[in-house]
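Trainee: I have a model open on my screen and I'd like to learn how to read it. Could you walk me through it?

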Amino acid sequence: MSERIPEINGASIALTGSFNPKIFQPEWFARQGLLPAEEAEGAQVRAIVPQICQFETERFYVQVTDQQFLAGSKPSTDPAPLPDLVRGTFFILEHTPVTALGLNRQMHFALGSEEEWHRVGDRLAPKDGWNEILGGRPGMLSLIIQTVMPEGAVFTFRIEPSTQVKNGIYFDANAHFSGLEKDSLNALMEIAHEQWEGTQAYASKVANHILDWASK
Amino acid sequence: MSRSIPPKADELEISIIGPGRGECIIVHLGDGEWCVIDSCNARQSNEAVAVEYLQSFGNDALSKVRLIVATHWHDDHIRGLASTYRQAPNARFCCSTALSSKEFKTLLASAGVSLSGRSGVDEMLEISELIRQRRESAPELGPLQYAIENRALLHLPKPGRSFSSSVTALSPSDETVSIALAQVADLLPKVGEPQHRIVNHSPNHASVVLWIEAGCRRVLLGADLEHTNRNGQGWKAILSSRQDTVPASLFKVPHHGSENADCPDIWTEMLENDPVAVVTPFTAGVRLPKDADIERLAARTTNLYRTSVASVKPPVREASVERKMRQDAQERRILDGQPGHVRVRWSVQDPGSMPQIEVFNGALRVSAASALAP
Amino acid sequence: MPPKLQTIFSIGRASSEWKKEDELMYRWGSNTDDLGAFQGSPAMAHEDPKKPPLPRSVAIKPVAPELTAAGQPTLRTRQLWEGTVTEVRDGHFLATLNDRTNPQNPDEQALFDVYEVPQDDHSFIKVGSSFYWTIGTERTPAGQVKNISAINFRRIPAWTRSAVTKVSALANHLDDVFQSAL
């Protein structure tokens with residue numbers, strides 16, 4: 001079967017560690033050459049307070065608390081430049097203590113029909129036992145599957161009905177990498193560089209496989 | 001003959017492979033022992049052409065590679081060389097002495113730190129790590145070897161062998177090393193300046209020209225060395241300092257047949273009459289060889305070969321994608337074609353024997369008539 | 001006990017009920033430590049004073065804005081190239097293109113007019129600079145579909161003093177490797 005392409009596609013990179021949210025303002029990114037000036041000027045700022053900084057631009061969103069850094073690409077853009085934004089940020093902020101990295105992809109897929117949508121749901125979460133005991137019409141709201149890869153990365157997949165696409169399924173794929181005791185930031189940025197395309201492609205491959213399997 | 005049949009023990013083989021960007025020369029030095037010079041990848045795979053070719057024999061040829069030479073450091077000329085080196089556990093690595101300089105080491109280091117990725121020295125950086133590992137695991141192989149004018153890189157004497165053979169560097173000269181280092185200095189990182197990818201520029205003054213002696217046979221591999229017509233530089237330096245006066249029967253034409261690598265005196269002083277000459281095309285930037293280059297070369301030898309015609313069909317893409325690409329991009333061309341292969345095998349025992357020349361994967365012989373055809 | 005959710009999404013119910021997503025209440029965080037596992041949840045409601053507060057025992061994680069197409073165009077990438085400028089000519093630049101959609105395809109070379117590049121990016125048109133060339137289908141909020149082609153140069157920070165120092169240190173380390181006894 002030919003590869004299913006998501007109707008809506010997004011990606012994000014998250015780090016845990018110790019951050020100063022106030023730094024991560026749109027103007028800072030523009031000043032460092034990480035965002036075009038025009039894009040930074042047009043940013044929609046949701047919050048800039050000591051505890052959290054959150055803004056969106058035409059292509060990205062950024063959210064930083066004292067313990068988490070998150071940057072993501074919006075559905076209107078290809079995620080390819082996202083690793084540059086994150087790696088560039090921490091090329092400059094090279095002393096940031098970081099403990100873990102998440103490479104994430106979010107996808108909304110459209111299925112061919114409502115019938116296929118039901119079939120997928122029933123295959124992912126069979127209702128037989130639930131129907132015997134529950135009233136109403138039980139349905140799956142969310143399914144999480146996790147696996148540990150031989151290299152040590154932890155992959156977590158969450159599947160839900162899509163709120164954005166009719167007869168759609170939402171996939172959220174997360175690849176988690178823990179930092180080393182020493183020089184975590186450099187090591188994790190290297191992983192972000194080397195594993196970005198692979199984890200994005202793997203997320204799509206898993207989603208495709210599961211949808212193909214579940215819709216039979 | 002099938003491409004996968006290995007040479008006989010007493011045969012010299014020179015295989016020249018060129019897909020349109022980069023080239024690889026694989027030399028059989030007798031008795032199953034090999035030397036690999038430069039590298040490129042096969043189009044449909046990510047493996048180095050030398051690895052694919054030597055593995056095709058099925059006789060563990062990679063373990064008998066004695067020497068691997070990087071004639072210069074540009075990525076597109078040595079792509080896959082790290083993989084070849086990794087899979088040839090008994091090979092010593094050799095590169096231009098220009099790479100021993102602090103400037104070049106800084107250039108390599110900058111590729112390891114830069115965020116710009118896929119730099120023109122990435123392959124060398126990977127090789128440097130492999131050299132470090134191999135120095136620890138196989139110290140008997142000897143350290144990294146630098147090539148400089150008239151340095152013997154490998155000598156396999158006759159006793160116990162089908163024939164004696166040797167590989168000698170004819171360049172770079174001291175003066176061209178200085179020129180090469182000045183070029184490298186321009187590429188080094190400076191505070192406040194943008195991080196850029198290192199884009200390979202010709203000429204490469206530090207290029208390593210190799211002279212191969214195999215019994216009675218001689219081969220001249222011209223790498224990318226250009227002709228500046230200045231004393232102490234390029235081909236002029238080689239002509240004035242060469243030690244072996246026996247002419248070569250095979251010539252790997254330097255720098256893709258370009259006019260600025262053409263030194264007429266090579267043909268009269270270093271080559272036999274009507275030698276086998278092989279040119280590897282270059283498809284990026286200015287396409288080489290130009291028609292005029294082919295005409296010039298075809299006038300000098302009737303045994304001119306080129307590894308590919310460098311005109312390749314693009315992959316099929318969606319019609320809407322192709323339409324958009326045609327609108328926004330002009331002069332599109334594929335850079336890596338089929339890895340065309342010219343293979344020359346000679347018996348070394350019989351000085352009068354004619355070479356057996358085969359072409360594979362789109363390589364072809366250029367006749368004078370076709371060179372002049374419109 | 002987590003707050004009672006109205007069961008809105010149930011794979012197996014009629015499609016007419018699909019539109020009631022705005023009635024969803026909070027979704028609680030995961031018990032796992034996986035980063036980003038609940039980012040972009042399509043069902044995460046924004047804070048609403050009318051809705052009952054979450055119990056303190058429920059773990060809350062910072063979440064990204066939901067991956068929603070509401071009010072913005074969506075892009076379906078059909079071809080992505082990564083390009084490197086190899087030559088700058090008058091009003092044009094030559095670039096080597098690496099196919100990121102199908103990496104097994106050979107590299108290509110093409111000539112571009114500088115007017116294909118957004119004005120903000122013109123200062124990046126230099127030998128060695130790299131860019132993304134995205135070709136795809138964009139669907140606007142109004143439902144219109146159009147083919148797009150966009151060139152955007154990669155934003156990479158300049159060399160810092162610290163990075164140049166790292167380069168020197170690494171070069172010194174390479175001294176160990178690039179020694180010769182012959």
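Predicted model: local features only at pLDDT ≥ 70, side-chain atom pairs only at ≥ 80, totals over all residues.

Trainee: What is the mean pLDDT of chain C?

Mentor: pLDDT is the predictor's confidence in each residue, from 0 to 100. For chain C the mean is 69, with 59% of its residues at 70 or more. Over residues 1-64 of chain C it stays under 50, and for that stretch the model has 116 contacts beyond four places in sequence. A contact here means that two C-beta atoms, placed from the backbone, lie within 7 Å. The model as a whole scores ipTM 0.89 and pTM 0.85.

Trainee: Which pattern does chain C follow along the sequence?

Mentor: Helices (H or I, at least four residues) and strands (E, at least two) are DSSP runs, numbered from the N terminus. Chain C has one helix and five strands, and they come in the pattern β-β-β-β-β-α. Of its 182 residues, 31% are buried. Buried means 20 or more other C-beta atoms within 10 Å of a residue's own; 12 or fewer is exposed, and in between is partly exposed, with C-beta atoms placed from the backbone. Among chain C contacts between residues at least 6 apart in sequence, 46% join residues at least 24 apart.

Trainee: Over to chain A. How many residues of strand β5 are buried?

Mentor: Six of the six residues in β5 (68-73) of chain A are buried. Both faces are covered: Gln68(A), Leu70(A) and Gly72(A) sit on one side, and Phe69(A), Ala71(A) and Ser73(A) on the other.

Trainee: Which strand does β5(A) join through six bridges?

Mentor: Two strands pair if DSSP finds at least two bridges between them. β5(A) is joined by six bridges to β1 (residues 8-17) of chain A, running antiparallel, with Thr16(A) opposite Gln68(A). β4 (residues 60-65) of chain A also pairs with β5(A) in the antiparallel sense, over five bridges. There, Phe60(A) has Ser73(A) as its bridge partner, and the hairpin of β4(A) and β5(A) has two residues between the strands.

Trainee: In chain B, what order do the eight strands of the open sheet take?

Mentor: The order is β7-β8-β9-β10-β11-β12-β13-β17 in chain B, with mixed pairing. β7 (151-156) and β17 (364-366) are the edge strands, each pairing on one side only. Within the sheet, β12 (residues 271-279) and β13 (residues 303-306) of chain B run parallel and share four bridges, and Val279(B) has Arg306(B) as its bridge partner.

Trainee: How do I read two packed helices?

Mentor: Two packed helices are described by the angle between their axes and the distance between the axes. Axes are lines fitted to C-alpha atoms, for helices over the stretch in contact, and angles run from 0 to 180 degrees between N-to-C directions. In chain B, α4 (residues 102-113) and α5 (residues 122-137) pack at about 100 degrees, with axes 9 Å apart. That makes α4(B) roughly perpendicular to α5(B); under 35 degrees counts as roughly parallel, over 145 as roughly antiparallel, 65 to 115 as roughly perpendicular and the rest as oblique. Leu108(B), Ala111(B) and Gly112(B) in α4(B) meet Asp122(B), Met124(B), Leu125(B) and Ser128(B) in α5(B).

Trainee: Last one: is Arg21(B) buried or exposed?

Mentor: Arg21(B) is buried, because 27 other C-beta atoms lie within 10 Å. Arg21(B) sits in the loop between β1 (11-18) and β2 (24-28) of chain B. Beyond its neighbours within four places in sequence, its contacts include Cys40(B), Asp76(B) and Phe282(B).

Key:
Residues numbered from 1 in each chain as written. Chains lettered and ligands numbered in written order.
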